[in-house]
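Here are my notes on this one, point by point. Have a look at the model first, then read on.

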Amino acid sequence: VAAYQTPAGVDALRFGVLSDFTLAYDGNTDAFTVITGNMADELDATDTFADRLSINARQSGEINTNMETEYRNMQQAHLGAVSAATVMSQVAPTLKWQRSEMYIVKGFTEIFFGEGWCSGTPFSNNGVAGQPNSTTQLFTMAVADFDTALTLADTSTRMKYAAQVGR
């Protein structure tokens, strides 16, 4: 881990966060887009797996491996973005648009938690359990992250546009 907390390691750290976010959002069979699409009847579950069918029928139990895996993947992307932004500010403060990108990932994960799960989503850090956040708190945090991303976007129009879309 220490190797990533250097100026030479921040790109690998950033790419890891982007990979985690891609996996959580739309990078696997039961990613956020699929699960929420099933729940909203945008998609129809056509398989025989009970965990997927119960989401589509809005009868998911408290323990659903598909939802649990997706929740963990999204939490991993969020924590990675928080950690990467912190490391980058300490060891590579001139990489502004790259930090902006981490705040964009953080903001979108907060929006997805607010839209895809019940109110009360906590964010833990370094094994310390976080406090539950209401849906309004999640959206407020996301807006603040997109504002930070806009500030850090520097000359990157991609980051400016992404932050504006999120905001």
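1. Where does I35 lie? I35 sits in helix 2, residues 32-39; helices here are DSSP runs of H or I with at least four residues, strands are E runs of at least two, and both are numbered from the N terminus. I35 is buried, as its relative accessible area is 5% (buried means under 20%, exposed over 50%, partly exposed in between, with a 1.4 Å probe and protein chains only). Between I35 and G116 there are 8.8 Å in space, C-alpha to C-alpha, for 81 residues in sequence.

2. Some housekeeping. This is a predicted model, where local features need pLDDT of at least 70 and side-chain atom pairs count only at pLDDT 80 or more, while totals for chains, interfaces and linings use all residues. Residues are numbered from 1 along each chain as its sequence is written, and side-chain values use heavy atoms, with hydrogens and water left out.

3. The overall picture: the protein chain has 7 helices and 0 strands, so to speak α-α-α-α-α-α-α from the N terminus on. Of its 167 residues, 39% are buried. Take the contacts (heavy atoms within 4.5 Å) between residues at least 6 apart in sequence: 58% of them join residues at least 24 apart.

4. On to helix packing. Two packed helices are described by the angle between their axes and the distance between the axes. The axes are lines fitted to C-alpha atoms, for helices over the stretch in contact, and angles run from 0 to 180 degrees between N-to-C directions. Helix 1 (residues 10-26) packs with helix 5 (residues 96-116) at about 25°, the axes being 11 Å apart. That makes the two roughly parallel (under 35 degrees; over 145 is roughly antiparallel, 65 to 115 roughly perpendicular and the rest oblique). The crossing of helix 1 and helix 5 is left-handed, which is to say that the near helix is turned anticlockwise from the far one by less than a right angle; clockwise would be right-handed.

5. Who makes that contact? Helix 1 brings R14, V17, L18, F21 and Y25, and helix 5 brings W97, Q98, E101, M102, V105, F108, T109 and F112. By class, helix 1 with helix 5 comes to 9 nonpolar, 2 polar and 2 charged residues (Ala, Val, Leu, Ile, Met, Phe, Trp, Tyr, Cys and Pro are nonpolar, Asp, Glu, Lys and Arg charged, and the others, Gly among them, polar).

6. Staying with helix 1, S19 is in it too. S19 is partly exposed at 45% relative accessible area, and its C-alpha is 8.3 Å from that of A77, 58 residues apart in sequence.

7. Helix 6 and helix 7 pack at about 160°, with axes 9 Å apart, and are therefore roughly antiparallel. Their crossing is left-handed. F146, A149 and L150 of helix 6 meet K160, A163, Q164 and G166 of helix 7, a set of 4 nonpolar, 2 polar and 1 charged.

8. Two loop residues to check. N133, in the loop between helix 5 and helix 6 (135-152), counts as buried at 13% relative accessibility. A polar atom of the N133 side chain lies 3.4 Å from the backbone oxygen of Q131. Beyond four places in sequence, N133 contacts S119, G120, T121, P122, F123, L138 and M141. D154, in the loop between helix 6 and helix 7 (157-166), has a positive phi of about 60° although it is not a glycine. D154 counts as partly exposed at 44%.

Key. Polar contact = N/O pair within 3.5 Å; in protein donor to acceptor, adjacent residues only side chain to side chain.
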